Amino acid sequence: MIICWAFLLIEALLLVEVNVALRKKKRKNEEEDDLEVISIRTMAQETLGEWGGTLATVTYVFLGYTSMIAYSSKSGDILFHLINLPASISGIFFTSLFTMLISIGGTRATDQVNQWLTTSMIGLLLAIEVLAVVSGGWAGLGGSGNWGKVPATIPVIIFSLVYHDLAPVLCAYLGGDLTRIRTSVLLGSLVPLLALLFWDAVALGLSAQSDQVVDPVELLMRVKWSGVSIMVEAFSLLAVGTSLIGTLLSFFEFFKEQLSNFTLQFPSTQLPQGNMLFGLKKWWGRNKSLTAMTMAVTPALFVSSTVPDAFSAATDIAGGYCMTILYGVLPPAMAWAMLNREAEDPEQKAFSKARPLLLGVGLFACCIVIEQILQDILLFGS
């Protein structure tokens, strides 16, 4: 988990450097102070060319939908246990709440709500872990771990620790201030790492008390005090909610940027008044935000409400392939491309002497993808 965290931290810092460099370049060319979010698709296209933009677009869209499916499906399952509302309806209701928050409240209101939810989640996690330790569930540095099981868990670890979809939004939100952005990325990434490491020790300790393979959460819920199960379900819901906010916000901004780019490619003055494309562009101009949010949410809600156990399949695909390619392979490739332009642009010195690091993290990401392919081949073969 620590190795995956360090790998993802390096990748996030690379994304930040590329994004801020492009923001400065765009501000210089357009002489604007207030810029919209520069998505990872635009970053890849600017640094790697059309093929990079296409790969980033396809991967990001697939990742966005699989993540949304996972969060909507899981929230439905949790709410079903809490209030006995059908999982499909619960997932739609939960996702719709955050959809309205982002659509109506905007980024700043969403940020305030997310801070409150995160604080509540951390408080609940601490309380649950204290109860677990009191119940004898603490393995420390020991426990009954099995290193042979590590490869199959890498997609889930990456899925749990990834926050890179927020990098473009964070760069815009903090105005391209590299010092503040780097600090936010570092401190923000430490919170889930420490929480997961602590929970891992608790889970291994609880598992050691059982003679059979069982979910540690189920063992925790066997504690006599009935409030434990409610606390665990509430924490799980908050964890899903805070993850959903980040993914939905960045996915929404991605589609909004693509719609803006599309309208810029077809100026209204060049289209006949009666042309269907003219009417479509005019409608998009008025309803760009609504269209972007609909595109981000509707397909995911449909799949999560109709496909049973969509959560497990979605997390494996998102963590093993989409996230690793998008946030593992592409960032060092983009940084490498910017390095090659240093001779042409002396101001691009953010990645100087970084080629060995870029090569190392890029190869590590490729190895994860190859390992996941082998895991899936063996799974299908069995």
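Residues are numbered from 1 along each chain as its sequence is written. Because the model is predicted, local features need pLDDT of at least 70 and side-chain atom pairs count only at pLDDT 80 or more, while totals for chains, interfaces and linings use all residues, and side-chain values use heavy atoms, without hydrogens and water.

Let me begin with confidence. The chain has an average pLDDT (the predictor's confidence in each residue, from 0 to 100) of 79, and 79% of the residues reach at least 70. Among the helices (DSSP runs of H or I, at least four residues, numbered from the N terminus), H8, residues 216-221, has the lowest confidence in the chain, with a mean of 66, whereas H2, residues 40-48, has the highest, at 88. Where pLDDT is low, the predicted coordinates should not be read in detail.

Turning to packing, H5 (residues 150-161) meets H11 (residues 310-340) at an angle of about 75 degrees, their axes lying 8 Å apart; the axes are lines fitted to C-alpha atoms over the stretch in contact, with angles from 0 to 180 degrees between N-to-C directions. That makes H5 roughly perpendicular to H11, a label for angles of 65 to 115 degrees. In this contact (heavy atoms within 4.5 Å), H5 contributes Pro155, Val156, Ile158 and Phe159, and residues of H11 including Met323 and Thr324 take part.

Finally, how many cavities of 30 Å³ or more does a search of the whole structure find? The search finds 1, a cavity being a set of points on a 1 Å grid over the protein atoms alone where a 1.4 Å probe fits but cannot get out.

Note on methods
1 Å grid on protein atoms, 1.4 Å probe; cavity = no way out; pocket = protein on both sides within 12 Å on 5 of 7 lines; lining within 4 Å. Points joined across faces, edges and corners; volume = space filled by probe spheres on them. Helix = DSSP H or I, 4+ residues; strand = E, 2+ residues; numbered from the N terminus. Parallel < 35°, antiparallel > 145°, perpendicular 65-115°, else oblique.
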